[in-house]
Structures are given as structure tokens and as C-alpha cells.
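Okay, everyone, thanks for coming. Let me put the model up, and then I'll walk you through a few parts of it.

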Amino acid sequence: AFDHNDGSDLDQQCLENVDVYFKLQHRHDGYGAPDKVFPAGYVTRLMLVYRHWCRWRRLRSRSVRPQEVFGRFRLEQSAEIRRRAIELLRRDPRIDFRGGTELVRNSWYLRELAHAGVCVDLPGNGSFCYRLIECMALGCCIVGPPHTSRMPVPLRSGVELVNCREDLSDLADVCARYSEDHAAAAAIGGAAAAYFDAHLHPQRLVSYYVETVRASRSA
């Protein structure tokens with residue numbers, strides 16, 4: 001079974017009737033026995049990303065604006081933390097903030113990601129949201145609060161992304177630092193892209209699912 005519900009709880013009736021249960025919003029501390037619940041990684045709803053991620057990544061390599069900090073968020077989910085993040089970034093004189101809450105075309109949104117030196121990741125209905133995968137596919141320097149969900153291969157703060165505090169009290173400081181330290185931001189973005197290629201590209205995810213099922217059957 002594949003559970004893409006944005007909550008971290010499991011569907012117990014489903015769990016009882018399957019041998020392997022993949023959970024997208026998989027809790028960090030796991031689920032105990034029975035040992036058949038596995039983190040499923042995460043995906044994006046934008047097929048443009050999967051069809052043209054190389055193109056968007058090339059655009060980023062040619063046209064990134066290191067000083068820009070970008071975040072575009074709808075307010076249907078996690079409105080309080082999203083409003084607070086935007087307010088903190090907009091009022092900080094060190095930060096050239098781009099984005100907001102207005103809806104734009106998907107292609108324009110991806111172009112904004114490709115241009116930005118730092119991209120802010122915030123929760124949606126769950127800890128992971130589509131934006132995280134979109135940023136990683138493009139090789140963005142990602143800043144955001146710690147995730148309460150986990151990937152099959154854990155993400156590392158300071159390597160594939162940079163965590164600020166959960167209450168966002170240092171969000172502006174972290175964003176300002178990486179918008180000024182272009183080499184450090186590029187290293188984070190490069191590691192994020194490498195992680196996507198190794199673990200989150202659809203072909204890699206399918207291989208992981210098949211290998212997990214095979215291992216479970218042979219155990």
C-alpha cells in the first residue's frame with residue numbers, strides 16, 4: 001500500500017491487510033511492530049519538474065541571482081507559519097525577498113525557483129510539501145524548519161538543506177547568511193540536486209519500492 005495522506009498516522013485497517021506499507025509522511029521515530037511500514041520518499045504534483053528537470057537545472061546554473069531569497073506559498077495550508085515567514089523576510093533589510101502568496105503559472109513559479117539564491121521551504125498539510133522536491137530537483141539552496149517526517153535516506157541539515165529553528169526565530173539570519181555566502185549556497189544546492197538524482201527521481205523511487213518489497217518477501 002502507498003499512503004499519501006498528509007497526516008503521520010497510519011490506516012490501521014489497510015495496514016492489517018498488506019505485507020508492505022509505504023508512508024509518504026513517515027514519522028521520524030517510526031511505527032514499531034509490525035515492521036512493515038517504510039518511508040516512501042516524496043513527490044511533486046508538477047509534471048513539468050519530472051519532464052524538464054534538466055532544463056530547469058541548466059537555467060538555474062546560468063541565471064541564478066545569489067542575493068535573492070524566494071518563497072511563494074498558498075495560505076490554504078499552514079497559514080500562520082507561512083505568513084510569519086513572509087513577514088520576517090520582507091521586513092529584514094539584509095534580504096532581497098521575492099515571492100509572496102499570489103498564485104502564478106507553474107512555469108513562472110519554476111523560473112522563480114531557478115533564479116533564487118535561497119529558497120524557503122515550509123510545511124503544507126504535512127511536514128513535507130511539493131516545494132521541497134521541486135527545489136531539490138532544480139538544485140536550490142533550501143532553508144526551512146526541521147521536518148517531522150523522514151525520507152528513506154535521511155536529509156542532513158548543512159548538507160542537502162539548511163534548517164532554521166522550528167519557531168523561525170533565526171530564519172532571516174540563516175537566509176541572509178546563505179544569500180551572502182554564494183559558495184556555501186551553491187554547495188547546498190549541488191548536494192540537494194545529487195540527492196534528488198539518487199533517491200527522489202521517479203526511476204530511483206520505483207527501484208527502491210521494488211527492492212523493499214523483494215526484501216520483505218525474502219525475509
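So, start with the sheet: it's open, has 3 strands in the order β1-β2-β3, and the pairing is parallel. Two strands pair if DSSP finds at least two bridges between them. The edges are β1 (2-3) and β3 (37-39), each pairing on one side only. Strand β2, residues 21-23, runs parallel to β3 and is joined to it by 3 bridges. If you want a spot to look at, Lys 23 stands opposite Pro 39 in β3.

Before I go on, this is a predicted model, so local features need pLDDT of at least 70 and side-chain atom pairs count only at 80 or more, while totals for chains, interfaces and linings use all residues. Residues are numbered from 1 along each chain as its sequence is written, and side-chain values use heavy atoms, with hydrogens and water left out.

Now the helices. Which two come within 8 Å of each other, axis to axis? That's α2 (residues 47-63) and α4 (residues 106-115), and they cross at roughly 40°. Axes are lines fitted to C-alpha atoms, for helices over the stretch in contact, with angles from 0 to 180 degrees between N-to-C directions. That makes α2 oblique to α4, oblique being whatever is left after under 35 degrees (roughly parallel), over 145 (roughly antiparallel) and 65 to 115 (roughly perpendicular).

Who's touching whom there? Contact means heavy atoms within 4.5 Å. On the α2 side you have, among others, Leu 48, Trp 56 and Leu 59, and they meet a set in α4 that includes Leu 110, Leu 113 and Ala 114.

Next, α5, residues 130-138: 8 of its 9 residues are buried, so the rest of the structure largely encloses it. Buried is under 20% relative accessible area, exposed is over 50%, and partly exposed is in between, using a 1.4 Å probe and protein chains only. Among the buried ones are Arg 131 and Glu 134, along with Leu 132 and Ile 133.

Last stop, His 4. You'll find it in the loop between β1 and α1 (12-16). Is His 4 buried or exposed? Exposed, with a relative accessible area of 62%. And from His 4 to Leu 88 you go 84 residues in sequence and 31 Å in space, C-alpha to C-alpha.

Notes. Helix = DSSP H or I, 4+ residues; strand = E, 2+ residues; numbered from the N terminus.
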